[in-house]
Amino acid sequence: MSARHPAVSRLRRLSREVAEFAAVGGVGVLVNLAVFNLVRNATELPVVRCSMIATAVAIVFNYIGFRYFTYRDRDKTRPPREFSLFLVFSSAGLVIENGVLYVATYGFDWDTPLQNNLFKFLGIGVASLFRFWSYRSWVFRVVPTAEPVAAGEAGEPGDIAVAGEVRIPGSRREPGEPGEPEAQEEAVGARR
């Protein structure tokens, strides 16, 4: 079915990837919120600093989950580059996530524990969209395939290669015909 409908195959792979990303990310959100509330209640640190500590802990947890669960089938040939890119994009996500909390807390003076958790969660959601795009596009790269899926179209892991026109040795082309389908059918018929 995937050979006939590459869009369906890609949609299935994308939905599996989104589900696995959400599973790891969901546990990461719980880790993030738990550490945030623990640090917030156990220390006198400002709320955004507590949030940044929690986000850093969640980033380490998420890297392990993404590398060994969500993106386990992706390229593993350059771990230092991958980890460096992960940190860069995670840091950008940290800024997005905590920027939302910062604006809510210091811009609008919404500083109750419930409001802090609400805007922390909202910031995580916005940053997660950015992280999903950046991790799948830049960090956990698709392993290059040896053959393209179809002429002029790059393949993805799991795609079935489809050959374009195949020239069968000894087959003849009709004069004036642009392609070779008739010659292929003729050659197949001759073998029967």
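The structure is a predicted model, in which local features need pLDDT of at least 70 and side-chain atom pairs count only at pLDDT 80 or more, while totals for chains, interfaces and linings use all residues. Residues are numbered from 1 along each chain as its sequence is written, and side-chain values use heavy atoms, with hydrogens and water left out.

**Exercise 1.** Describe how helix H3 packs against helix H4.

Solution. Begin with the axes, which are lines fitted to C-alpha atoms over the stretch in contact, with angles from 0 to 180 degrees between N-to-C directions. The axes of H3 (residues 79-107) and H4 (residues 113-139) lie 8 Å apart, at an angle of about 155°. H3 is therefore roughly antiparallel to H4, a label given to angles over 145 degrees. Finally, the residues of this contact comprise 18 nonpolar, seven polar and five charged ones.

**Exercise 2.** Determine whether Glu82 is buried or exposed, and which residues it touches.

Solution. Glu82, which belongs to helix H3, has a relative accessible area of 6% and is therefore buried. Leaving aside residues up to four places away in sequence, Glu82 touches Tyr63, Arg67, Asp75, Val139 and Phe140, where contact means heavy atoms within 4.5 Å.

Terms used: Helix = DSSP H or I, 4+ residues; strand = E, 2+ residues; numbered from the N terminus. Parallel < 35°, antiparallel > 145°, perpendicular 65-115°, else oblique. Nonpolar A, V, L, I, M, F, W, Y, C, P; charged D, E, K, R; others polar. Buried < 20%, exposed > 50% of the residue type's maximum accessible area, 1.4 Å probe, protein only.
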